[in-house]
Amino acid sequence: ITVGTIIFEKLEPGWLTICLGIAMLGIAMLDRYRMLERLAQRIDLTRFSVALGLSSVSGLIAGIAGGGGMYLLSVYLKLACPTPTLFRGTSILIGAIILFWRLAVSVAIGLVSWRLVVESLILLPLSLAGAWAGIRFFHRADAKRFYNAFQIVLMVGALILLWKGVNRVF
């Protein structure tokens with residue numbers, strides 16, 4: 001995460017947005033067409049070395065992209081966690097760890113301003129409303145509906161990032 005955050009500071013925003021959009025779209029497509037499930041039949045996802053490798057790569061991506069590493073990790077967790085509840089809980093825990101560490105590194109290298117803090121506080125009610133809506137959907141959806149919605153959110157987010165990145169670069 002630390003190395004990725006330093007790279008994030010140096011990378012031009014337009015290209016960063018394009019790279020993140022491509023990565024997210026690729027991950028969503030791998031999940032949609034069950035390519036990782038086929039790979040999981042050959043690899044023991046519960047092995048420490050596999051989890052360490054995937055979490056290291058996702059940490060690097062999270063540092064560079066500001067959170068995009070969770071998209072990569074979430075596809076792994078979908079395979080490693082047998083139920084949507086376990087998937088969601090594990091994602092929340094790992095996401096919180098990544099966010100707190102990235103915040104500490106960002107503050108340490110001077111990427112957080114008072115304006116950003118104030119804007120975050122202003123937007124906090126919207127974030128909480130989104131979390132509330134997500135919790136309601138989660139409790140009402142079966143596993144197939146939940147994972148389909150998850151894939152759609154990933155793909156729409158990826159396409160939005162690609163659009164913004166291309167507009168910024170070209």
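Where is arginine 34 found?

1. Arginine 34 is found in the loop that runs between helix 2 and helix 3. The model is a predicted one, and the value for this residue should be read as computed from it. Phi of arginine 34 is near 55°, which is a positive value in a residue other than glycine. Most residues other than glycine have a negative phi. Arginine 34 counts as partly exposed, because its relative accessible area is 46% and that class lies between the limits of 20% and 50%.

2. Helix 2 spans residues 13-32 and contains threonine 17. Threonine 17 is buried, since its relative accessible area of 15% falls under the 20% limit. Leaving out residues up to four places away in sequence, threonine 17 touches Leu161, Lys164, Gly165 and Arg168.

3. Aspartate 31 also lies in helix 2. With a relative accessible area of 5%, aspartate 31 is buried. When neighbours within four places in sequence are set aside, the residues in contact with aspartate 31 are Val75, Lys78, Phe150 and Gln151.

4. The next matter is the pairing of helix 7 with helix 8. Helix 7 covers residues 114-140 and helix 8 covers residues 143-169; their axes come within 8 Å and cross at roughly 140°. On the side of helix 7, Phe137, Phe138 and Arg140 take part, and they meet Arg145, Phe146 and Ala149 of helix 8. Sorted by class, this contact comprises 4 nonpolar and 2 charged residues, with no polar residue.

5. How many salt bridges does the structure hold? There is 1 salt bridge in the structure. Arginine 115 forms a salt bridge with glutamate 119, and the closest N and O atoms are 2.8 Å apart. Both arginine 115 and glutamate 119 lie in helix 7, where they are 4 residues apart, about one turn of the helix. Side chains of opposite charge can pair when their charged atoms come close.

6. Arginine 115 counts as exposed, because its relative accessibility is 63% and the exposed class begins over 50%. Glutamate 119, by contrast, is partly exposed, with a relative accessible area of 33%.

7. The patch is formed by Phe100, Leu103, Val107, Val112, Trp114, Leu116, Val117, Leu121, Leu124 and Leu128, which together have about 1000 Å² of accessible area. Helix 6 (84-108) and helix 7 each supply at least two residues of the patch. Helix 7 gives the largest share, namely 6 residues.

8. Leucine 124, one of the residues of the nonpolar patch, is found in helix 7. Leucine 124 is partly exposed, as its relative accessible area is 40%.

9. Is glutamine 41 buried or exposed? Glutamine 41 is exposed, with a relative accessible area of 70%. Glutamine 41 is found in the loop between helix 3 (35-40) and helix 4 (48-65). The C-alpha atoms of glutamine 41 and leucine 20 are separated by 28 Å, and the two residues are 21 residues apart along the chain.

10. Isoleucine 7 has its place in helix 1, which covers residues 2-10. At 34% relative accessibility, isoleucine 7 is counted as partly exposed. Isoleucine 7 and alanine 80 are 73 residues apart in sequence, and their C-alpha atoms are 29 Å apart in space.

Key. Residues are numbered from 1 along each chain as its sequence is written. This is a predicted model: local features need pLDDT of at least 70, side-chain atom pairs count only at pLDDT 80 or more; totals for chains, interfaces and linings use all residues. Side-chain values use heavy atoms; hydrogens and water are left out. Axes are lines fitted to C-alpha atoms, for helices over the stretch in contact, and angles run from 0 to 180 degrees between N-to-C directions. Contact means heavy atoms within 4.5 Å. Ala, Val, Leu, Ile, Met, Phe, Trp, Tyr, Cys and Pro count as nonpolar, Asp, Glu, Lys and Arg as charged, and the others, Gly among them, as polar. A salt bridge is a side-chain nitrogen of Lys or Arg within 4 Å of a carboxyl oxygen of Asp or Glu. Buried means under 20% relative accessible area, exposed over 50%, partly exposed in between (1.4 Å probe, protein chains only). Patches are made of residues with over 30% relative accessible area and no salt bridge: like charges are joined within 9 Å, nonpolar side chains (Val, Leu, Ile, Met, Phe, Trp, Tyr) within 5 Å. Accessible areas come from the Shrake-Rupley method with a 1.4 Å probe; for residues, only the protein chains shown count as cover.
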